Amino acid sequence: MKSFIEYIVSVFKGLWTLLVGMKVTAKYFFTPWNHVTQQYPENRDTLVMFERFRGEVIMPHTENNEHLCTGCGICEINCPNGSIEIISKSILTPEGKKKRIIDQHIYHLGMCTLCNLCVKACPTGAIVMGQKFEHAVWDRALLTKVLNQPGSKIAEGVKE
Amino acid sequence: MSEIREVIINNDRLATDEYLVNMGPQHPSTHGVLRLLVRLEGEKVLNVQPHTGYIHSGIEKMCEAISYPQIIHLTDRMDYLSAHMNNEAVALCVEKALQVEVPDRVKYIRTIMDELSRLASHQLWWCVFGMDMGALTTFFYGLRDREKILDIFEETCGARMTVSYSTPGGLMFDIHPNFQKRVKEFITYFRTKLPEYDKLLSGNVILRERAEGIGHLSLKDAIDFGVTGPSGRASGFSCDMRKHHPYSAYPFVKFNEILDHRCDTLARYEVRILEMYESLSIIEQLIDNIPEGDYAVKMKGVIKLPEGEFYQRVESARGEFGVYIVSDGKKNPYRVKFRSPGFSNMFALNKMAKGHKIADLVAIMSTLDLIIPDIDR
């Protein structure tokens with residue numbers, strides 16, 4: 001008889017623990033307005049990422065189509081995956097000296113792990129991390145980008 | 001066919017009632033591509049044989065070709081839930097080899113980040129454990145709170161999981177101006193939410209019936225298999241690296257090592273829940289006292305370690321994580337070995353699951369908190 005009572009008590013105790021848990025879920029079920037998730041694709045226009053968010057490597061250009069990249073290749077050395085290729089060319093300055101400048105700053109987004117080492121190593125701050133994170137494309141070749149815009153040149157007064 | 005061949009090679013013929021079942025590599029409850037070759041008699045588990053290597057990525061070998069600051073970003077990809085601890089282990093190992101003393105500010109921030117990662121990892125473990133037990137509700141509650149920590153990471157480190165925040169000689173960035181405010185907000189928020197975890201799952205009669213006395217791992221077995229972390233501490237194995245080999249700011253804080261001597265699934269569950277409280281109190285002790293100073297020591301452009309062997313271990317969310325670097329004086333390491341907690345923990349599975357039902361095997365595996373990239377590396 002005693003064990004039977006214990007059994008009945010344990011059944012009700014067990015049911016009580018389930019009700020305690022269901023009380024929590026019921027609380028959120030009836031007060032959902034505080035606990036909704038981000039409505040991501042709908043809030044795309046108002047979505048602001050954190051300023052340090054690492055989405056991709058970009059090279060900012062001024063309105064005169066000038067950038068800060070000297071083509072030194074330090075980012076290429078620091079990159080662990082070989083996602084950066086620097087192609088430089090030599091030109092003649094007006095003083096008649098030979099000078100190496102950047103021809104193409106090729107960036108393979110598909111290989112990049114966004115470790116921030118290139119941005120940290122850049123002596124002139126020419127490349128920064130961009131906020132864009134929607135990188136899906138139909139063709140893998142589209143993930144290879146040339147960061148310096150066509151016709152762009154190095155800004156005045158950048159130390160080599 | 002290969003399974004049958006393995007049985008024949010071992011000269012271990014199946015009895016008429018027994019059969020072999022492949023659990024995984026695509027089974028949802030293995031949390032990744034882990035294949036368990038389970039030998040069953042009806043529903044009873046007779047033997048569990050883990051087969052790894054499905055996502056072996058050769059990280060140790062890749063480390064031999066890259067320089068020390070570049071290793072950091074690969075360690076993110078191993079145990080992605082305690083990425084910051086892995087980063088810190090490599091950073092500490094390189095600093096130890098170069099005999100660089102980092103400023104106190106770096107130590108404090110690293111410790112806070114460690115504990116935040118541990119919290120995030122245990123939260124995810126909690127919700128996945130509930131899901132493995134059949135309680136899908138917990139999954140949403142755990143992820144809801146984890147989101148707050150990931151936001152803190154995103155604001156300060158620039159990434160949510162693969163943070164790459166500790167570098168040899170300090171940190172990648174200084175903390176964000178909002179960091180302290182956000183962390184304090186999170187602590188007050190999470191202190192109100194953590195009792196909900198207990199209400200939802202810890203007291204639940206179904207969980208207790210399924211967890212109590214299941215998956216017994218004795219202290220001797222835990223030491224023999226090298227089971228560390230919360231899984232080891234639930235067997236009474238005092239193995240907390242934060243206590244025994246303090247690093248970063250752990251010597252400055254007071255905290256308890258959570259030990260449990262019941263050795264079963266429930267013990268492993270409760271150790272992790274209590275560790276969350278400990279992590280909160282560690283962060284509370286540090287967050288107001290972050291000293292002023294530099295966030296990194298100026299290191300040479302090319303870091304070359306002196307010739308020799310260096311080992312550094314840290315307590316990751318799953319156990320003892322070790323980094324062993326053999327250097328020949330060049331800018332790349334000669335050999336890197338990672339001692340990952342998941343690998344050792346996984347092989348205790350056979351000991352724990354033997355004799356239990358197959359549904360218990362899922363629960364036992366869940367309490368070990370296996371991360372497969374950590375095991376395969």
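A: Two residues are in contact if their C-beta atoms, placed from the backbone, lie within 7 Å. Axes are lines fitted to C-alpha atoms, for helices over the stretch in contact, and angles run from 0 to 180 degrees between N-to-C directions. Helices (H or I, at least four residues) and strands (E, at least two) are DSSP runs, numbered from the N terminus. In those terms, helix α4 (residues 83-98) of chain B lies across β6 and β7 of chain B, at about 145° to β6(B). The model is predicted: local features need pLDDT of at least 70, side-chain atom pairs count only at pLDDT 80 or more, and totals for chains, interfaces and linings use all residues. Residues are numbered from 1 along each chain as its sequence is written, while chains are lettered from A and ligands numbered from 1 in the order in which they are written.

Q: What makes β6(B) and β7(B) a pair of strands?
A: Two strands pair if DSSP finds at least two bridges between them. Strand β6 (residues 308-316) and strand β7 (residues 319-327) of chain B are joined by nine bridges in the antiparallel sense, so they meet the criterion. One bridge sets Glu309(B) against Val326(B) in β7(B). Two residues lie between the strands, which form a hairpin.

Q: Why are β6 and β8 of chain B called edge strands?
A: The open antiparallel sheet has the order β6-β7-β8 in chain B. β6 and β8 (335-339) each pair on one side only. β7(B) and β8(B) share five antiparallel bridges, and Gly322(B) stands opposite Arg339(B) in β8(B). Direction ignored, neighbouring strands of the β6-β7-β8 sheet are turned by 15° against each other on average.

Q: How do you know that the span of helix α5(B) agrees with expectation?
A: The expected span of a helix is 1.5 Å times one less than its number of residues. For the 29 residues of α5 (residues 104-132) of chain B this gives 42 Å, and the end C-alpha atoms are 42 Å apart, so the two agree. Just after α5(B), Gly134(B) takes a positive phi of about 100°.

Q: Why is α5(B) called mostly covered?
A: A residue is buried if 20 or more other C-beta atoms lie within 10 Å of its own, exposed if 12 or fewer, and partly exposed in between, with C-beta atoms placed from the backbone. In α5(B), 25 of the 29 residues are buried.

Q: What makes domain 1 and domain 2 of chain B separate units, and which residues join them?
A: Domain bounds come from an automatic or database domain assignment, which for chain B gives domain 1 (2-51) and domain 2 (59-376). Their C-alpha centres are 30 Å apart. The contact takes 14 residues from domain 1 of chain B and 17 residues from domain 2 of chain B. On the domain 1 side, β3(B) gives the most, with five residues.
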